[in-house]
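Open the model in your viewer and keep the sequence panel beside it. This tour tells you what to select at each stop and what to look for there.

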Amino acid sequence: MADSADNVKTLSIESGDDELDKWLPITANRNAKWWYSAFHNVTAMVGAGVLSLPYAMSQLGWVPGITVLLLSWIITLYTLWQMVEMHEMVPGKRFNRYHELGQQAFGEKLGLYIVVPQQLIVEVGINIVYMVTGGQSLQKVHETVCRECKPIRLTYFILIFAAPQFFLSQLPNFNSIAAISLTAAVMSLSYSTIAWGASVHKGMQPDVEYGLKASTTAGTVFNVLSALGDVAFAYAGHNVVLEIQASIPSTPDKPSKKPMWKGVVFAYIVVALCYFPVALIGYWYFGNDVADNILMSLEKPRWLITVANIFVVIHVVGSYQMCIILGVLLMTVSPIGGLRQIILSARNYKFLS
């Protein structure tokens with residue numbers, strides 16, 4: 001009798017989980033193909049962070065910079081493979097969200113306490129970065145196209161960027177944003193190509209210098225930490241890996257990990273085509289004088305830079321989604337270097353009267 005009661009309880013729990021999966025947007029539709037995995041992963045990985053890679057190179061130097069970029073590419077590809085394998089590591093069960101993996105590893109309650117707070121902190125931070133980046137790109141477009149117009153505060157451009165998100169959030173499930181995600185993936189490849197192509201067109205800058213920018217040991221250490229944070233942010237693309245795989249159908253004969261991994265490999269080829277040319281060519285042509293956003297170092301041709309900023313806006317609209325990857329690293333490494341920059345700049349601050 002006890003065994004029968006336990007079986008009934010188990011079946012009711014599984015039935016409840018199935019009903020929940022049918023209701024939640026991530027798992028409501030499981031008809032995705034391998035190419036969905038490809039452009040979803042490109043959209044999640046290749047973001048505005050790629051534009052800061054030349055600046056990160058200027059803080060690291062040639063050999064350490066190339067080493068960090070290459071190791072980050074290899075390590076994140078390996079960890080993404082681990083996520084793909086863990087999605088169905090328990091027979092008959094699919095881990096569709098990060099907290100479910102946490103509960104499997106640490107228990108029902110402890111798993112939530114460990115995973116969810118980190119998710120919330122990182123997701124809020126990343127979304128703020130996306131909104132600010134989208135607003136800054138819109139502002140740059142306005143300033144470039146209409147130089148005689150009255151300046152508009154960045155706050156208003158952030159609000160303009162945020163408006164479409166309200167409507168996109170009403171889409172019923174993950175696969176319903178496939179066209180948006182594909183467009184964002186194309187945009188990311190486009191503005192990355194513009195970034196390094198325009199650098200080549202502008203040519204080598206006079207008196208270009210390479211090597212460590214800081215003149216003190218402390219300054220070098222903080223610059224390196226800040227650069228590592230920039231690289232970590234650029235490779236922050238595992239944010240929706242489990243959710244992407246959850247939208248792919250799976251059977252014992254044809255598990256979801258096969259089409260998912262096929263799409264991941266394609267996506268990482270695109271990532272390499274975006275990241276390495278931007279980082280290496282941008283640093284080669286501008287050296288230590290490169291801006292923290294390489295598009296800011298490219299003032300001409302104006303129309304091309306305007307197009308690139310429009311592409312950034314479209315891409316960030318498509319990739320405005322929740323993140324978790326490298327959360328601890330982003331929370332601990334990046335603010336250290338960034339805090340130093342704030343302190344050094346504080347002496348130039350002036351209060352408005």
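A contact means heavy atoms within 4.5 Å. Keep that rule at hand throughout the tour. This is a predicted model, in which local features need pLDDT of at least 70 and side-chain atom pairs count only at pLDDT 80 or more, while totals for chains, interfaces and linings use all residues. Residues are numbered from 1 along each chain as its sequence is written, and side-chain values use heavy atoms, with hydrogens and water left out.

**Stop 1: the whole chain**

Show the protein chain as a cartoon. Its secondary structure comes to 15 helices and zero strands. Helices (H or I, at least four residues) and strands (E, at least two) are DSSP runs, numbered from the N terminus. Of the 353 residues, 44% count as buried. Buried means under 20% relative accessible area, exposed means over 50%, and partly exposed lies in between (1.4 Å probe, protein chains only).

Now show the surface. The accessible surface of the chain comes to about 18600 Å², and 67% of it belongs to carbon and sulfur atoms. Such areas come from the Shrake-Rupley method with a 1.4 Å probe; for residues, only the protein chains shown count as cover. Take the contacts with a separation of 6 or more: 82% of them are between residues 24 or more positions apart.

**Stop 2: colour by confidence**

Colour the chain by pLDDT, the predictor's confidence in each residue, from 0 to 100. The mean is 77, and 79% of the residues reach 70 or more. Select residues 1-16. Here pLDDT stays under 50, and the model has zero contacts beyond four places in sequence. Then select residues 323-335. Their pLDDT also stays under 50, but the model has 33 contacts beyond four places in sequence for them.

**Stop 3**

Select Thr144, in helix H6. Which residues does Thr144 contact, leaving aside its neighbours within four places in sequence? They are Arg302 and Thr306. Thr144 counts as buried because its relative accessibility is 11%.

Move to Leu51. This residue sits in the loop between helix H2 (34-45) and helix H3 (53-60). Leu51 has 2% relative accessibility, so it counts as buried. Beyond four places in sequence, its contacts include Tyr191, Ala195, Asp292 and Val312. Leu51 and Trp196 are 145 residues apart along the chain, yet their C-alpha atoms are separated by 9.6 Å.

**Stop 4: the salt bridges**

Side chains of opposite charge can pair when their charged atoms come close. A salt bridge is a side-chain nitrogen of Lys or Arg within 4 Å of a carboxyl oxygen of Asp or Glu. How many salt bridges does the structure hold? There are three.

- Select Lys257 and Glu85. Their closest N and O atoms are 3.3 Å apart. Lys257 lies in helix H11 (residues 257-286) and Glu85 in helix H4 (residues 62-86), so the pair ties together parts that are 172 residues apart in sequence. Lys257 is partly exposed at 32% relative accessibility, and Glu85 is partly exposed at 29%.
- Select Arg94 and Glu88. Their salt bridge spans 3.7 Å, N to O. Arg94 is buried, at 16% relative accessible area. Glu88 is partly exposed, at 24%.
- Select Arg97 and Glu100. Their salt bridge spans 3.0 Å, N to O. Both residues are buried.

**Stop 5**

Gly107 follows H5, with a positive phi near 110°.

Next, select H11. This helix has 30 residues and reaches 42 Å from its first C-alpha to its last, close to the 44 Å expected at 1.5 Å a residue. The expected span is 1.5 Å times one less than the number of residues. Just after H11, Gly287 takes a positive phi of about 60°.

**Stop 6: a nonpolar patch**

Select Phe106, Leu110, Leu112 and Tyr113, which make a nonpolar patch of about 420 Å². Patches are made of residues with over 30% relative accessible area and no salt bridge: like charges are joined within 9 Å, nonpolar side chains (Val, Leu, Ile, Met, Phe, Trp, Tyr) within 5 Å. Helix H6 (residues 108-145) gives the largest share of the patch, three residues. Leu110 is found in H6. Is Leu110 buried or partly exposed? Leu110 is partly exposed, because its relative accessible area is 45%.
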